[in-house]
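Please look over the model below before reading my comments.

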Amino acid sequence: MSAPRRRSDRRRDRVLVAGLAVAACAAAGVPLAADGSPGRAPGDPEPAPTPTWTPGTLAYPPPPDNPKHATMRHVDPDALPAAARGKITPIADRERFRIVRSADPRCRNGWMTIGMRNATHRAVYGGLTAEAGALRVSRPVFATYLPPAYEARIQFRITAPPEAAAGGHRLVLRAGKERLTVPVALDEPGPGEDNLACGRPVAASSANTSGRPDRYPAASVTDGNLNAEEFGVGNGWNDSTARRWPDTLEVDLGGTRRVARVVVHTLASNRYPPSRYGLRDWDVQARADGAWTTVARSRANTAGRVEHSFAPVEADALRIVCLGSNDRRFSRIIELEAFGPAR
Ligand SMILES: [Ca+2]
């Protein structure tokens, strides 16, 4: 029976493993990864980045000049359909896609996850292209190192410019020698489908700047951008009163509107999962004749997106009264959407 290992031995082993992983990544040309468990919460002062490696997942910290963010994960080649084996293929998280022609052009867009899969036996530097004709894509080219039996995914936005005609469009993804076509429907908004909060002015009880006023702007919660990977670089609000609640975020609807549904998107990125950094407890309130009424509540939330449906109310403003977050420190909201009744 071996003697108990001393703490200094265990620490030495951990340093050795971390050093080997960093060296292996550097040798392979892999961007070094965040471990998904930063000691610093969003809103705290920026520390020097600490590269680490988590087996099975590579999360790319967003560098200042490229806030887009990729997730890499292992796939079992034997579990893939026969047509995908031995190839580099484009992938998408849905077979068809729909965009609503909202009144505000900022919200004439939709999000999906796209990427590519390497089901060959060799590492490649893979390239994915995306094009959608009259529609705009947030990322026409995505290139990354891709080990064998890995896939890389990114959040991806398709936007309909004002001149794009309603009707059927298509998104074409190409990677390796393969092509994937995703039908995209561009529809006029039906009842309850136009986002009443889109582009409307926002007022927050406090706003965290962490030295830069454009890091966590409250106005970004109505800009139509749902990409939480851009949190800290301009998309998403973070209050400035650590460990103190309530915090409030208020959207002026610009006149009395009939509201029956509110969707709250809290922080939910690869690096900052909602179960650890997202908003946990809040009330949704609607203002009529200057008085606020609570129309919905969330308690003990751990999801990134929460949809509240309630009996329709007439309101000229909405606010989220934030009562707690999963890290017990800050309130964080990426986007707030509001819709009228469906009929
Ligand atoms: Ca936003």
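The numbered points below take up the basis of the model, its links, its metal site, its rings and its core.

1. Basis. This is a predicted model: local features need pLDDT of at least 70, side-chain atom pairs count only at pLDDT 80 or more, and totals for chains, interfaces and linings use all residues. Residues are numbered from 1 along each chain as its sequence is written, and side-chain values use heavy atoms, with hydrogens and water left out.

2. Disulfide. The count is 1 disulfide (a pair of cysteine sulfur atoms within 2.5 Å). Cys107 is joined to Cys198, with S to S at 2.0 Å. The link of Cys107 and Cys198 is right-handed, with 100 degrees about the S-S bond. Cys107 sits in the loop between β4 (97–100) and β5 (109–118), and Cys198 in the loop between β11 (178–187) and β12 (202–204), so the pair ties together parts 91 residues apart in sequence. Strands here are DSSP runs (E, at least two residues), numbered from the N terminus.

3. Cysteine burial. Cys107 is buried, at 10% relative accessible area. Cys198 is buried too, at 6%. Cys322 also counts as buried, at 0% relative accessibility. The classes are: buried under 20% relative accessible area, exposed over 50%, partly exposed in between (1.4 Å probe, protein chains only).

4. Calcium site. Which residues coordinate the calcium ion? They are Ser220 (O), Asp223 (OD), Asn225 (O), Asn235 (OD1), Ile334 (O) and Glu335 (OE), at 2.3 to 2.6 Å. Along the chain the donors follow the spacing S-x2-D-x1-N-x9-N-x98-I-E. Asp223 lies in the loop between β12 and β13 (237–238) and Ile334 in strand β18 (residues 332–339), so this pair ties together parts 111 residues apart in sequence. Asp223 is partly exposed, at 23% relative accessible area; Ile334 is buried, at 1%. Donors are N, O and S atoms within 2.8 Å of the metal (3.2 Å for Na, K and Ca); water is not among the atoms, so sites may look incomplete.

5. Aromatic pairs. The whole structure has 2 aromatic pairs. Rings of Phe, Tyr and Trp (its six-membered ring) pair if their centres lie within 6.5 Å; planes under 30 degrees apart are stacked, over 60 edge-to-face and the rest tilted. The ring centres of Tyr216 and Phe231 are 5.1 Å apart and the planes are at 50 degrees, so this pair is tilted. Tyr216 and Phe231 are both buried. Tyr272 and Tyr277 form an edge-to-face pair, 5.1 Å centre to centre with 80 degrees between the planes. Tyr272 and Tyr277 are buried as well.

6. Charge over a ring. The charged end of Arg261 sits over the ring of Phe339, 4.2 Å from its centre. The rule asks for NZ of Lys or CZ of Arg within 6 Å of the ring centre and within 35 degrees of the ring normal.

7. Core. The largest nonpolar core has 28 residues. Such a core is a set of buried Ala, Val, Leu, Ile, Met, Phe, Trp, Tyr and Cys residues joined through side-chain atoms within 4.5 Å. Ile99, Met112, Ile114, Leu135, Ile158 and Leu171 have the most contacts inside this core. Elements giving it two or more residues include β2 (70–74), β6 (124–131) and β10 (167–175). The largest share, 5 residues, comes from β9.

8. A glycine. Gly290 is in the loop between β15 (279–288) and β16 (291–298). Gly290 is exposed, at 59% relative accessible area. Gly290 and Asp316 are 26 residues apart in sequence and 8.8 Å apart in space, C-alpha to C-alpha.

Definitions and conventions:
Helix = DSSP H or I, 4+ residues; strand = E, 2+ residues; numbered from the N terminus.
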